[in-house]
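Please read them with the sequence and the model side by side.

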Amino acid sequence: MCEDNQTAVTVFILLGFKGLYSYKILFFILFHFYYIVVLNGNLIIVVLVSISERLKIPMFIFLKQLAVADILITTTIIPMMLDIILSDTKEVSVAGCLIQIHFLDIFEVVQCIVIAIMSYDRCLAICNPMRYNSIMSPDVCRKMIAASWLLVFIASGELILVWQLQFCGLNYIDHFFCDFGPIVELSTSDTSLLLLVDFILCVVFVCIPFSVIMVTYIIIFYVILKISLKSGRKKAFSTCSSHLATVCLFYGTLMTVYMGSSGDSSHIKNKFYSLLFIVVTPLMNPIIYSLRNREIIQTLQIFLNICK
């Protein structure tokens with residue numbers, strides 16, 4: 001319960017990009033255009049993989065899930081951000097904020113798991129090509145995808161602790177969306193258990209998948225270096241180059257967000273790091289895979305010819 005001189009918070013006020021609102025029309029146009037590009041780019045991947053038989057192979061099936069997660073993350077944040085840009089600030093109910101945090105965590109963790117699964121897929125394709133098709137069958141792929149979503153929803157029990165938080169007095173959040181850190185800072189409840197659970201989940205769903213990725217790529221590079229022909233090494237590396245670029249992009253921006261946020265008290269820099277993660281990854285994934293995969297380009301050309 002709140003103390004006598006404190007008022008229970010029912011809404012949070014997101015301050016957005018205060019100090020930059022003289023350019024809000026430019027910001028709105030820029031991010032609205034970005035949102036359209038991200039949606040279209042990732043939707044194209046989802047549609048192409050769904051309708052094309054030639055793309056129904058493990059790498060593209062997992063890429064489709066990555067595109068779905070990118071769409072969901074940007075849709076969870078960008079429309080609210082556009083509203084904040086136009087109105088300067090935005091009131092969001094406590095329940096609405098907690099729900100946004102919950103879904104953001106789910107979609108980000110799904111990305112971590114899917115990227116780790118994709119690294120295992122690439123490792124099998126390079127290190128054990130003769131048994132690849134039998135091991136990574138369509139049924140196995142479906143089970144892996146279902147498990148990645150199921151594990152996240154099971155682990156979302158953290159939300160029970162989040163919903164028990166109390167907020168009294170201050171309700172201003174210097175951010176453009178409801179982020180976990182600022183919300184916990186505003187809480188007047190004891191957050192020690194919540195932070196412990198959050199740390200454990202971070203280790204399980206972020207650090208462990210990253211460790212899996214590191215181990216698989218150590219194995220991949222070891223196998224590639226053992227290939228005697230230069231053309232063979234180049235061909236083997238090309239099969240995982242797109243995924244490696246995605247790994248570097250995703251974890252590079254993710255580490256920038258958390259390392260920058262933990263080591264810097266500047267809200268402006270924290271917002272910039274968060275914006276970097278939200279903007280760069282969903283935009284670059286379709287570009288990386290579209291430019292580096294002949295199958296996607298050819299399938300897109302066929303699709304466009306049919307639509308004419």
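**Notes on the helices**

1. In helix α3, 26 of the 34 residues are buried, so this helix is largely enclosed by the rest of the structure. Please keep in mind throughout that the model is a predicted one.

2. The length of α3, which runs over residues 94–127, can be checked against expectation: at 1.5 Å a residue its 34 residues should span 50 Å, and because its end C-alpha atoms are 50 Å apart, the two values agree.

3. A pair of helices deserves attention next, namely α2 (residues 58–87) and α5 (residues 138–155), whose axes come within 10 Å and cross at roughly 25°. Since angles under 35 degrees count as roughly parallel, that makes α2 roughly parallel to α5. The crossing in which α2 passes α5 is right-handed.

4. Which residues meet where α2 and α5 are in contact? From α2 come Pro58, Ile61, Phe62, Gln65 and Leu72, and they meet Cys141, Met144, Ile145 and Trp149 of α5. Sorted by class, this contact of α2 with α5 has 8 nonpolar residues and 1 polar residue, with no charged residues.

5. A further point concerns Ser211, which is found in helix α8, covering residues 192–226. Is Ser211 buried, partly exposed or exposed? Its relative accessibility is 40%, and therefore Ser211 counts as partly exposed, given that this class lies between the limits of 20% and 50%.

6. Finally, Ser211 may be viewed together with Ala116: the two are 95 residues apart in sequence, while their C-alpha atoms are 8.7 Å apart in space.

Note on methods
Residues numbered from 1 in each chain as written. Predicted model: local features only at pLDDT ≥ 70, side-chain atom pairs only at ≥ 80, totals over all residues. Heavy atoms only, no water. Axes fitted to C-alpha atoms, helices over the stretch in contact; angles between N-to-C directions. Helix = DSSP H or I, 4+ residues; strand = E, 2+ residues; numbered from the N terminus. Parallel < 35°, antiparallel > 145°, perpendicular 65-115°, else oblique. Left-handed = near helix turned anticlockwise from the far one by under 90°. Contact = heavy atoms within 4.5 Å. Nonpolar A, V, L, I, M, F, W, Y, C, P; charged D, E, K, R; others polar. Buried < 20%, exposed > 50% of the residue type's maximum accessible area, 1.4 Å probe, protein only. Expected span 1.5 Å × (residues − 1).
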